[in-house]
Amino acid sequence: MENTLSLNAIFSQANCDFVVFDLSRRVTEISNKDFIAIEENRVAYPFPAQQHAQIGIAFWQPNQSPWIWFLKMPLDERGLLQQAALGDFIQFVAQAMGSTLNKTPTEEEQEKLAANPYTFTPQDDKKAMFHAFLTARLNQPASQYYDHAQHYTSGELGWNDWQGVGLQGLADLCARMDRHNNVTRIRKSLSNLPDTPRYALLGCLEHCALPASLSDRINEQINDVLTQNEADLFLLSAYVRALSGAESTQLQQTITQVLSYPALQHREMLIAIAGRCWHALNDNALLDTFLIAVADQKDPTFFQQMVADLVMIPTLRPQMLSLLNGQASEALMDSVQQLQASVKSS
């Protein structure tokens, strides 16, 4: 295997096709063209989290099942892949698998490859959605849990009989919303599910592009929660995350509405918005409202972490830099000054 700083080159040499998904925030496919540009440091990584890129890569040769790598790669201050880390990982690949990828690795080779600092284990919901999106993308069958999840979300098995429903089955259902009347199943089930399967389904939906009929149903349920005497903050946060794949205007309106309630300006909600709905913050007024809510937590470490996270996202970086360079609104400046004053007086 050549000593090259390009996974794309390795796959090409081995006659492998490949598919890349971001796992840092939402499970989102990155086109091969964009991934090559990222590897070559021509563009910043689009979806960083805590100055890292979490990536799922599936690669395969003709008529072979895919191999999968889950990689966590550090980024520099500009959001570019650190080439030294990428080179290190490629050296691990060369040492573990020899000169080529054109054979199935032995158990010993797999263990060698796994023993490096750049592989990681994704969260259960992200891993399930990765596999669901991958099999759908490659026109492969869904998991063995798909059929049961379909029957359950149709209401045929009884809503309280959820213990046998697999997370992978719900992920397969969400990844195949364009098939088998699955949108109708999901819409119906959201009105009837007990808490445990409801949270599991919402956790899968937060990685999906939503048709209007489904985003409207989620929005209705958000409004239902908001009308209660004491809104369930954790359920509401799960609904907001699940709405992240909605049309941008609807998502921005919902986040604005939620943040208009002082009691809901809780760090659980703020983390949900930044982690899954960051793309809605490209609206200047909403970004301002959001950062004021973060500053009003009176926790300078939390504020710094949120700002550091958002400034690394390429689509938000110009706005964030403008704010950091003194172009913030008077209300935001007041909140930041009060935050600073609270630190000095403590």
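1. Helix α5 (residues 124-137) lies across β1, β2, β3 (52-60) and β4. The helix runs at about 130° to β4. Helices (H or I, at least four residues) and strands (E, at least two) are DSSP runs, numbered from the N terminus. Axes are lines fitted to C-alpha atoms, for helices over the stretch in contact (heavy atoms within 4.5 Å). Angles run from 0 to 180 degrees between N-to-C directions.

2. On provenance: this is a predicted model, where local features need pLDDT of at least 70, side-chain atom pairs count only at pLDDT 80 or more, and totals for chains, interfaces and linings use all residues. Residues are numbered from 1 along each chain as its sequence is written, and side-chain values use heavy atoms, with hydrogens and water left out.

3. The four strands form an open sheet, ordered β2-β1-β3-β4, with antiparallel pairing. Two strands pair if DSSP finds at least two bridges between them. β2 (28-30) and β4 (67-74) are at the edges with a single partner strand each, so one side of each has no neighbour in the sheet. On average, neighbouring strands are turned by 30° against each other, direction ignored.

4. Now the β1 pairing. Strand β1 (residues 17-22) runs antiparallel to β2, joined by three bridges. F21 stands opposite E29 in β2.

5. Q54 lies in strand β3. The C-alpha atoms of Q54 and F21 are separated by 8.7 Å, with the residues 33 apart along the chain.
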